Amino acid sequence: GWHDSPVTDLRAIQVVAHRGASEDAPEHTLAAYRKAIEDGADALECDVRLTADGTLVCVHDRRVNRTSNGRGAVSALELADLRSLDFGSWKAEPGTGRAGGTRRRPSAELRSLLDADAEAPDRFDGDPDELSRVLTLERLLELVADTGRRVELAIETKHPTRWAGQVEERLVELLDRFGMLWPEPGEPSRVRVMSFSSRSLRRIRMASRELPTVFLMQYVLPRHRDGRLPAGVAIAGPGIRILRANPGYVERLHEAGHRVHVWTVNEPEDVELCVRLGVDAVITNRPRQVLAQLGRC
Ligand code: G3P
Ligand code: CA
């Protein structure tokens with residue numbers, strides 16, 4: 001079976017928690033990222049957007065409607081507005097996160113994740129509400145910096161064209177402040193920046209040549225069929241559908257010198273496909289289950 005494959009070192013495949021451990025906890029909350037770290041994830045994925053007053057926050061959608069009890073576009077809200085919202089309760093029952101929907105009572109499991117005193121009081125002594133509040137990128141960087149082991153970060157810029165470079169500018173400033181813009185000599189970078197926009201990645205590379213960039217692909221454009229990506233891009237980020245339809249693409253990307261980070265890999269068959277193809281990272285909502293499937297916990 002694939003577990004015995006002599007060519008594949010299962011430890012070499014990075015397990016990246018997509019929006020945190022987002023199957024178990026509300027995506028992009030401190031609770032979801034703490035859970036991912038406890039589960040043993042190698043890296044954390046997050047999407048970033050700018051608030052009206054210029055703070056980078058971790059929110060996937062353009063609007064806050066799906067993942068909070070508020071309404072409106074992130075770009076139209078100030079950080080203080082976002083802080084007054086609850087980004088946790090929508091996940092009380094799976095699949096009930098609807099715009100302006102009724103608040104539901106969180107399940108016991110979720111309550112324990114959101115409860116600051118549960119399980120790991122030594123690792124969190126902050127304000128309990130913080131676990132389900134909007135997460136700033138700054139707070140996430142703090143979490144990563146304070147974690148005892150190496151945890152990497154994959155940061156995705158969303159709608160970068162709308163802000164004409166401001167997302168990247170803020171991102172670079174923040175990484176610089178945390179000493180994460182330039183890796184220690186001889187060390188691989190702890191952070192990488194991902195985007196569907198090659199323009200956004202170019203801006204990042206202009207700020208730091210050592211920050212690896214990931215070119216995300218929903219489908220393969222004709223000019224990328226041979227495995228070559230926009231100049232300067234180190235890592236390819238194909239969606240799993242691309243590999244289901246065209247498994248040979250991983251080899252072409254590798255031959256062109258790219259590492260391959262695949263999203264979003266939740267199904268066991270897809271994990272197995274990724275192992276067989278020798279991808280470098282899987283980005284998943286279920287880091288615990290994927291690590292178990294890889295025999296790592
Ligand atoms: O990790 C890449 C993946 O997150 C891209 O899609 O929509 O989940 O941000 P999306
Ligand atoms: Ca993303």
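A: One definition before we start: two residues are in contact if their C-beta atoms, placed from the backbone, lie within 7 Å. Also, this is a predicted model, where local features need pLDDT of at least 70 and side-chain atom pairs count only at pLDDT 80 or more, while totals for chains, interfaces and linings use all residues. Residues are numbered from 1 along each chain as its sequence is written, and chains are lettered from A and ligands numbered from 1 in the order in which they are written.

Q: Thanks! How many helices and strands does the protein have?
A: There are 10 helices and nine strands. Helices (H or I, at least four residues) and strands (E, at least two) are DSSP runs, numbered from the N terminus.

Q: And what share of the residues counts as buried?
A: Of the 297 residues, 41% are buried. A residue is buried if 20 or more other C-beta atoms lie within 10 Å of its own, exposed if 12 or fewer, and partly exposed in between, with C-beta atoms placed from the backbone. As for contacts with a separation of 6 or more, 57% of them link residues 24 or more positions apart.

Q: Let's take a helix. What does H5 pack against?
A: The buried residues of H5 pack against strand S2 (43-50), S3, helix H4 (137-146), strand S4 (152-157), strand S5 (191-195) and helix H6 (198-207).

Q: Which residues of H5 are the buried ones?
A: They are Val167, Glu168, Leu171, Leu174 and Leu175. These sit on the same side of H5 because they cover an arc of only 130° around the axis; the arc is that of the directions from the helix axis to the C-beta atoms. On the other side of H5, Glu173 and Arg177 are exposed.

Q: What about the span of H5?
A: H5 (residues 166-177) has 12 residues and reaches 16 Å from its first C-alpha to its last, close to the expected 16 Å at 1.5 Å a residue. The expected span is 1.5 Å times one less than the number of residues. Just after H5, Gly179 takes a positive phi of about 65°.

Q: Which residues are buried in H4?
A: Leu137, Leu140, Leu141 and Val144 are buried there. Their arc around the axis is only 100°, so they are on the same side of H4. The cover over them includes H1, S2, S3, S4 and H5.

Q: OK, H9 next. What's buried there?
A: Val271, Leu273 and Cys274 are buried in H9 (residues 268-277). Seen down the axis, the buried residues of H9 fall within an arc of 160°, so they line one face of the helix. Pro268 and Glu269 are exposed on the face turned away from that buried side. The buried residues of H9 pack against helix H7 (240-245), strand S8 (259-262), strand S9 (281-284) and helix H10 (287-293).

Q: What does Cys274 touch?
A: Leaving out residues up to four places away in sequence, Cys274 touches Val262, Val265, Val279 and Val282.

Q: Which members of the largest nonpolar core touch the most others?
A: Val16, Val48, Val57, Ile155, Val262 and Val282 do, in a core of 71 residues. The largest share of this core, six residues, comes from helix H1 (residues 30-39). A nonpolar core is a set of buried Ala, Val, Leu, Ile, Met, Phe, Trp, Tyr and Cys residues joined through C-beta atoms within 7 Å.

Q: New topic: which residues are around ligand 1?
A: His18, Glu45, Asp47, His60, Glu156, Leu216, Gly237, Trp263, Thr264 and Ile283, where near means a C-beta atom, placed from the backbone, within 6 Å. By class, this shell has three nonpolar, four polar and three charged residues. Ala, Val, Leu, Ile, Met, Phe, Trp, Tyr, Cys and Pro count as nonpolar, Asp, Glu, Lys and Arg as charged, and the others, Gly among them, as polar.

Q: Last one: what is the phi of Arg19?
A: Arg19 has a positive phi of about 60° although it is not a glycine. Most residues other than glycine have a negative phi. Arg19 lies in the loop between strand S1 (14-18) and H1, and Arg19 counts as buried because 26 other C-beta atoms lie within 10 Å. His28, in the loop between S1 and H1, has a positive phi of about 65°.
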